[in-house]
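Thanks for coming, everyone. Let me walk you through one chain. Please take a look before I start.

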Amino acid sequence: MQNVRKPSSARPAEGRGFTEITPSAPISAERHGGRAKCLQRLIRLEMPVPTTVALDFDTVHAISAGEMPDLDALLALFGPEPLLSVRPSSEDPDWGGPGAILNIGMNDALHARLVESHGEAAANALYMRFIQSFAVHVARADPDEFAAAGEPTAEALAQMLRAYEDETEEPFPQDVKLQLGEVLRSMARAWEGTSARLLREAKGAPADAGLGLVVQKMALGVGKTVSGSGVIQFVNGETGRAQIIGRYMCQAQGRDALRRRDDGREVLYLKDDPRGRSIETVLPEVWADLLRYGDLARRRLREEMQIEFTVENEKLYILDAVRVPRSARANLRIAVALAKDGIISPDEAVLRVPPRSLPELLHRQVDPEAKLDVIGTGIAASPGAATGRIVFSASAAQAAAAQDEPCILVRRETTPEDIRGMHAASAVLTERGGVTSHAAVIARGLGLPCVVGASGFSLDPRAGTLTAPDGRVLREGDVITIDGSHGRVIAGAAPTIEPELGENFRTLLSWADAARDIGVRANADTPEDARIARDFDAEGIGLCRTEHMFFAEDRILAMREMIFADDPDDRRSILERIGPMLRDDFVELFNIMRGRPVTIRLFDLPLHEFLPQNRTGLRDLAEALDLPLADVTRRAEALAEFNPMLGLRGVRLGVTVPEIYDTQARAIFEAVVEVAAQTGEAVVPEVMIPLVSASREVEIVKARIDAVAAAVRIEAGADFDYRLGVMVETPRAALRAGEFAPHSAFLSFGTNDLTQMTYGLSRDDAGRFMSQYVSLGVFPEDPFHVLDAEGVGELLTLGAERGRAANPALTLSVCGEHGGNPESIAFCRAAGFDYVSCSPFRVPVARLAAAHLAIEARGAERPPRMY
């Protein structure tokens, strides 16, 4: 029944709504879809592809509206008594499409002839398969009436024909032209349907994405001896390692072999196998051809392909080839292997690995094949998976860590006081918050799996219970798994897959670094963060938040004493006890970064954050300070603010309580001197002033820091340099950047707070309604996740332009969470920023995203998607 077209230069049939696929036919993925284009490539490689015709997007759209192409001319290409298949061909295979329909053309007359040539069972099976597909997908009959009918006997076939007539009130169509027309119309209208459109739009397809259809001569896969169908691929889709994988089923069609049904049909191994017969031993010539075609596809199509084939009476036919389905880790390995073998360039290998696929490689993941008891969901705030026992406080998390007991810290929302508990925990779950909430930002920096905004849960810290959306009550000590990649909370210990960072990962990122033209630094607050940043080849630290240094157990009491001191000299003397500890922290940080730049943000938090939040804590503090509880309570109440985010914090605190910045500056400069003496290499720290809104603030702080630097130079008898810069977090700072620039070596835009202040929207509360806002089109994306290029972006552009106009040597950067987002990196690159800075575990993502942008800007085309 099959007819393989030999490659020729004959003019293809076109102009009537269809095009025969030949080596020279004008087939393109943009007009006919990826499958049609891939089949043309196989034909050009002289693979035995049956005669195939492509219908382009416009033709299929017209079919859905009732305008049919010239089917007589189309059918004439397949000869008398054609037996056909129709498959979808969208531009991108991820967009899907209606299922394939096989054996179009089966009718009573052809069935009778096939009984003579192929046997009754084979003919019945072919006919029944077509009746079932036609009834369910074309005539829209009840699927239950056409479920598997058992053995393909004459009685089963007759029963199915009667069922069709009963359901549709008309006999099964016998005219091939009618059959084909109805199949084409059904598949075209399925693509145009609302559900299908919404589904593919969710996968990134444009609203007007077109569908092509491919009509192909059937290779039956039924006949003598080992006729059948199968699939073969030459790499493992999970690991990316070279491995022959596939399956072959006798007396089968299409992708039957993958369904693994135990229905009595013989299944052959592909390679020689002691467990049973194989294609390699039974059909050695077919096996040799499959190996040759696999290698040819890899070298000429420049991709690892899964080949669908049919063998009829020992003759091989290639029906289709699709890109091997693969995991993120396999995709990276395959891309690097193809580049190392000279099949693709390193730049193309970089483009073949989506930046957003890297978190799957960097963190442990829940096994996608595992059966899970998902008890609730929230916002996926930090990727990865971790299992542990529930704890409801930072102290409980620290106690668990002391006993090497993995735990999950569960809070309504986290505060700076929870940081030590987060360090001790394996993962974090919060009832409130969004993607840039405190918990989310810190968790990403620590590389902890984190789910926030799990509003379906109800936390009762006093009772020590967490009630799930389905009513289940979890208690402290119960085991759960947090899936931060997908925002899931799972009961019990879920099976996980370990991350894999090996030579291929490093090789790909080295190619990315060679291509990109914007710097990537890391936000790193602790020595551990800095080590991770260095290991991920961050070019430096773009933001070191120093508040955590004051929360350490050996320092927080002194900070609280300082808060209760009214005299500047008293504050200074108390802070002098902390100064040497801070210096040691900076020494360690500079040593870890080994000469790479380090940007240190001066103290930013409001002071009330350092005071206990409950009466018990205040009483303990009163005892520690030897003060009356009433005095401690009054002081805490006096420091309380209606809106701390907009209150006495950042540079405002540095101006009104200058002793804090003086202490930090001295610790930084003494550390610079000490490291230089130890290593013989100069360290040039970058000191950043937070939350600036007026140029006078910069002048005041700069004068004091310059004075501290001068004093340290004299005391140490050593010279050193430092760079002073401004963190632009308020709209006014962005608008008046030209006033700060002459006093600054750099401007670093803190887009987290800048977005909050531009929108008048708390990032911790936005998660409650943001998904609804995005779905309604109020915002195109969550502005805390993807930089708002029109609003916040305009402030960045104005700030950059005005800053550079006043100081052409000014370094510009973004250090908010947007720094690791590919779309935001694109904006920063276009706006002329020097670097972006993001959480350590997002550094590889940012490096790869920046490389994609640079390569595409040079005119390199994104590699085509194979079907």
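What percentage of the 867 residues in the chain is buried? Buried residues make up 56%. Buried means under 20% relative accessible area, exposed means over 50%, and partly exposed is in between, with a 1.4 Å probe and protein chains only.

A word on the source. This is a predicted model: local features need pLDDT of at least 70, side-chain atom pairs count only at pLDDT 80 or more, and totals for chains, interfaces and linings use all residues. Residues are numbered from 1 along each chain as its sequence is written, and side-chain values use heavy atoms, with hydrogens and water left out.

Now the overall picture. The chain has 34 helices and 31 strands. These are DSSP runs numbered from the N terminus: helices are H or I with at least four residues, strands are E with at least two. The C-alpha trace spans about 105 × 60 × 55 Å along its principal axes. Take the contacts with a separation of 6 or more: 67% of them join residues 24 or more positions apart. Contact means heavy atoms within 4.5 Å.

Next, the surface. The chain has about 35500 Å² of accessible surface, and 49% of that belongs to carbon and sulfur atoms. Accessible areas come from the Shrake-Rupley method with a 1.4 Å probe; for residues, only the protein chains shown count as cover.

On to helix α17, residues 438-446. Nine of its nine residues are buried. Among them are His438, Val441 and Arg444. Gly447 follows α17, and its phi is positive, near 75°.

Two of those names come back elsewhere. Arg545 sits in strand β25, residues 541-545. Arg545 counts as buried because its relative accessible area is 15%. Beyond its neighbours within four places in sequence, Arg545 contacts Val441, Asn523, Ala524, Asp525 and Arg601.

Then Phe841. You will find Phe841 in the loop between β31 (835-838) and α34 (843-857). Phe841 has 16% relative accessibility, so this residue counts as buried. Leaving aside neighbours within four places in sequence, its contacts include Arg444, Gly445, Leu446 and Gly447. Which C-alpha atom is separated by 9.5 Å from that of Phe841? That of Pro383, 458 residues apart along the chain.

Val353 is another loop residue, between α13 (346-351) and α14 (359-362). Is Val353 buried or exposed? Buried, because its relative accessible area is 1%.

Last, two surface patches. Patches are made of residues with over 30% relative accessible area and no salt bridge; like charges are joined within 9 Å, and nonpolar side chains (Val, Leu, Ile, Met, Phe, Trp, Tyr) within 5 Å. A salt bridge is a side-chain nitrogen of Lys or Arg within 4 Å of a carboxyl oxygen of Asp or Glu.

The nonpolar patch is Tyr773, Leu776 and Val778, with about 290 Å² of accessible area together. Leu776 lies in the loop between α31 (770-775) and α32 (792-806). At 63% relative accessibility, Leu776 is exposed.

The negative patch includes Asp142, Glu165 and Asp166. Asp and Glu count as negative, Lys and Arg as positive; His and the chain ends are not counted. Each charge is placed at NZ of Lys, CZ of Arg, CG of Asp or CD of Glu. Asp166 belongs to helix α7, residues 154-168. Asp166 is exposed, at 63% relative accessible area.
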